[in-house]
Amino acid sequence: MIQYFFEQINAIEIAESTTVWLKTIIRNENQKPGEINYIFCDDEYLLQINRDYLQHDYYTDIITFDYVKGKTISGDIFVSLPRISDNASTHSKNFEDELHRVLAHGILHLCGYKDKTEEEEKEMRSKEDFYLALRS
């Protein structure tokens, strides 16, 4: 089950087709959807999580906590909506495309993809682009 929550930020509408698309990513990666929570928040909320849990003192657009068991994908995915908006503007993308890229990014982390090295980041971007092209 994929659920959406909002902390310290106004709610946005997440279309049912987005949830179906996210489940398609999971299935295409030969995994099963479990309990996945997207928690949308502001920059300060996510910065505090970054400090408290990862000992990082910088803003980010997403933090993924992995609770995967076997092939069942579960986790909490925190997403900063203001950061997505800023990134969309910086990269001349529309908000929805950048939001979907970040939503897919979190799912791909839960599927086992990393992005710490240049090679891993390249593979992650390739997977994001592939799945963004599958949206209906």
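Close-up 1. Glu98 is buried, with a relative accessible area of 5%; buried means under 20% relative accessible area, exposed over 50% and partly exposed in between, with a 1.4 Å probe and protein chains only. This is a predicted model, in which local features need pLDDT of at least 70 and side-chain atom pairs pLDDT 80 or more, while totals for chains, interfaces and linings use all residues. Residues are numbered from 1 along each chain as its sequence is written, and side-chain values use heavy atoms, with hydrogens and water left out. Glu98 forms a salt bridge with Arg101, with the closest N and O atoms 2.7 Å apart. A salt bridge here is a side-chain nitrogen of Lys or Arg within 4 Å of a carboxyl oxygen of Asp or Glu. Arg101 is buried too, with a relative accessible area of 15%. Because Glu98 and Arg101 are three residues apart in helix 4, about one helical turn separates them. Salt bridges with shared partners join Asp61, Glu98, Arg101, Arg125 and Glu128 into one network.

Close-up 2. The whole structure holds nine salt bridges. Asp97 bridges to Arg135, with the closest N and O atoms 3.0 Å apart. This pair links distant parts of the chain: Asp97 sits in helix 4 (residues 95-110) and Arg135 in the segment after helix 5 (118-132), 38 residues apart. Helices are DSSP runs of H or I with at least four residues, strands are runs of E with at least two, and both are numbered from the N terminus. Asp97 counts as partly exposed at 26% relative accessibility. Arg135 is partly exposed, with a relative accessible area of 26%. In the other pair, the closest N and O atoms of Asp57 and Arg51 are 2.5 Å apart. Asp57 counts as exposed at 57% relative accessibility. Arg51 counts as partly exposed at 35%.

**Close-up 3. His109 in helix 4.** His109 belongs to helix 4. The residue is buried, with a relative accessible area of 18%. Its side chain reaches the backbone oxygen of Tyr113 at 2.9 Å. Such a polar contact is a pair of N or O atoms within 3.5 Å; within protein, one must be able to donate a hydrogen and the other to accept it, and residues adjacent in sequence count only if both atoms are side-chain atoms. His109 also touches Thr64, Asp66, Lys114, Asp115 and Met124, leaving aside residues up to four places away in sequence. Contact means heavy atoms within 4.5 Å.

Close-up 4. Gln31 lies in the loop between helix 1 (16-28) and strand 2. The residue is buried, with a relative accessible area of 15%. The side chain of Gln31 reaches the backbone oxygen of Glu29 at 3.3 Å. Gln31 touches Ile26, Gly70, Lys71, Ile73 and Cys111, not counting residues up to four places away in sequence.

Close-up 5. The four strands run in the order 1-2-4-3, with mixed pairing. Strand 1 and strand 3 (62-66) stand at the edges with a single partner strand each, so one side of each has no neighbour in the sheet. Neighbouring strands are turned by 15° against each other on average, direction ignored. Axes are lines fitted to C-alpha atoms, for helices over the stretch in contact, and angles run from 0 to 180 degrees between N-to-C directions. Two strands pair if DSSP finds at least two bridges between them. Strand 2 and strand 4 (residues 72-80) pair in the parallel sense over eight bridges. Tyr38 stands opposite Ile77 in strand 4. Helix 2 (residues 43-54) lies across strand 2, strand 3 and strand 4, at about 45° to strand 3.

**Close-up 6. The hairpin of strand 3 and strand 4.** These strands pair in the antiparallel sense over five bridges. Ile62 has Val79 in strand 4 as its bridge partner. Five residues lie between the two strands of the hairpin, and Gly70 in the turn has a positive phi of about 65°.

**Close-up 7. Aromatic rings of Tyr4, Phe6, Tyr38 and Phe40.** Ring pairs link these four residues into a cluster. Rings of Phe, Tyr and Trp (its six-membered ring) pair if their centres lie within 6.5 Å; planes under 30 degrees apart count as stacked, over 60 as edge-to-face and the rest as tilted. The count comes to eight aromatic pairs. Tyr4 and Phe40 are stacked, 6.2 Å centre to centre with 20° between the planes. Tyr4 is in strand 1 (residues 2-6) and Phe40 in strand 2 (residues 32-41), 36 residues apart. Phe40 is buried, with a relative accessible area of 0%.
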